[in-house]
Amino acid sequence: MKQIGFVGLGMMGFPMAGRLAAAGVNVLAYDVVAETRQRFAAENKAARVAADLQAFGDCDVVVTMLPNSDIVDEAVLALTKVLGQGALVIDMSSADPVRTRALSAAVKAAGLAMIDAPVSGGVSRARSGTLAIMAGGDAADVDRARPLLGHLGSTLTRVGDIGAGHAMKALNNYVSAAGLIATAEALIAGQRFGIDPNIMVDVLNSSTGKNNTTENKAKQFMLSGAFNSGFSLALMAKDVAIAAVLAEAVQADMRLGAHVNALCTQASNALGKAADHTEMYRFVEHP
Ligand code: NAD
């Protein structure tokens, strides 16, 4: 069977590559951290693990799930020197759409194809294979990726040409971050007025203020004090910054976005690299 490469076994990539292996896909996986590779191999006996990208020469498709465009560029450019003609690169990271376009030109020049196919849904939906996938690229290339991506997501929408998936993802995460901050602010203001925050979440969820944070994060990760959703504040700040730059580039009014962007950056700097994005609640409580 054809070999599928998977690069980046972090909070998302680990369960995603694991799902592919469990579905019978011939997976060759790599992460820069040796301990992560060993843990992946131990938990996924059907998959093979590579010590570097040189081993990816026989892969017809390679999925990347990496932190940001700097790291995606580095990994994909290395892959262009290794992969055979016609191989397809699927970047599922949340990356900068302008840089994705430039990268895909280099990928095409090397005789390969590329699509961007970032995801929404977080770690729990990565585990259950029910991610929302938004793809950018040639329709034929997106169709080529569909059977594989069907193991990872419950929806796959082609939103446009190369980079459009990454643009869509950044804009989605801007909307999501705005909802998260608004929810945190409302819960803290309500508490200080004397309303039980758990009751507030119930009322929000039966009212027009309902959003992904009120439904899936407020009680689970914020009010509980768990702060362990698996999506870092630094990654959310990266996504909102990409959305703000995108809006400026196309001269779209995003004044609320500028404010959300500033708050995300301040919170990420204040709480550190390891902070979960739901810790925005702590930042709003004690800015
Ligand atoms: P993560 O930091 O947990 O994982 C990234 C992994 O990449 C790590 O295991 C790291 O060791 C590895 N890595 C770094 N540099 C590498 C390199 N040069 N070669 C190979 N591996 C390398 O991040 P994550 O939460 O899994 O997120 C991955 C991507 O998915 C990000 O772009 C993020 O914005 C996006 N995303 C995350 C979530 C979430 O809930 N965590 C949801 C949707 C999208």
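The legends below describe several close-up views of one predicted model.

The structure is a predicted model in which local features need pLDDT of at least 70 and side-chain atom pairs count only at pLDDT 80 or more, while totals for chains, interfaces and linings use all residues. Residues are numbered from 1 along each chain as its sequence is written, and side-chain values use heavy atoms, with hydrogens and water left out.

**View 1. The interface of domain 1 and domain 2.**
The domain assignment of the chain, which is automatic or taken from a database, gives domain 1 as residues 4-161 and domain 2 as residues 167-285, and the C-alpha centres of domain 1 and domain 2 lie 27 Å apart. Domain 1 brings 13 residues to the contact and domain 2 brings 11 residues, contact meaning heavy atoms within 4.5 Å. About 900 Å² is buried between domain 1 and domain 2, and carbon and sulfur atoms give 69% of this area; buried area is the accessible area (1.4 Å probe) that two parts lose on being put together, summed over both. Of the area that domain 1 buries against domain 2, Ser94, Pro97 and Met134 supply 43%, more than any other three residues.

The side of domain 1 that touches domain 2 is made up of 9 nonpolar, 3 polar and 1 charged residues, with Ala, Val, Leu, Ile, Met, Phe, Trp, Tyr, Cys and Pro counted as nonpolar, Asp, Glu, Lys and Arg as charged, and the others, Gly among them, as polar. The count of salt bridges between domain 1 and domain 2 is 0, a salt bridge being a side-chain nitrogen of Lys or Arg within 4 Å of a carboxyl oxygen of Asp or Glu.

**View 2. The salt-bridge network of Asp70, Asp73 and Arg99.**
A search of the whole structure finds 11 salt bridges, and a network of them links Asp70, Asp73 and Arg99. Arginine 99 pairs with aspartate 70, their closest N and O atoms being 2.9 Å apart; because arginine 99 lies in helix H4 (residues 97-109) and aspartate 70 in helix H3 (residues 69-80), the pair ties together parts that are 29 residues apart in sequence. Helices (H or I, at least four residues) and strands (E, at least two) are DSSP runs, numbered from the N terminus. Aspartate 73 is also found in helix H3, and its side chain makes a polar contact of 3.0 Å with the side chain of arginine 99. With a relative accessible area of 17%, aspartate 73 is buried, whereas arginine 99, at 30%, counts as partly exposed; buried means under 20% relative accessible area, exposed over 50%, and partly exposed in between (1.4 Å probe, protein chains only).

**View 3. Two further salt bridges, of aspartate 138 with lysine 108 and of arginine 255 with aspartate 253.**
The side chains of aspartate 138 and lysine 108 meet at 3.8 Å, N to O, and this pair links distant parts of the chain, with aspartate 138 in the loop between strand S8 (131-136) and helix H6 (139-149) and lysine 108 in helix H4, 30 residues apart. Aspartate 138 is partly exposed, with a relative accessible area of 37%. The side chains of arginine 255 and aspartate 253 meet at 2.6 Å, N to O, and both of these residues are exposed.

Glycine 24, which follows H1, has a positive phi near 95°.

**View 4. Positive phi at phenylalanine 227 and glutamine 251.**
Phenylalanine 227, a residue other than glycine, has a positive phi near 45° and sits in the loop between helix H10 (218-223) and helix H11 (233-249). Glutamine 251, also not a glycine, has a positive phi of about 55° and lies in the loop between H11 and helix H12 (255-271). Phenylalanine 227 counts as buried at 16% relative accessibility, whereas glutamine 251 is exposed, with a relative accessible area of 75%.

Methods: Polar contact = N/O pair within 3.5 Å; in protein donor to acceptor, adjacent residues only side chain to side chain.
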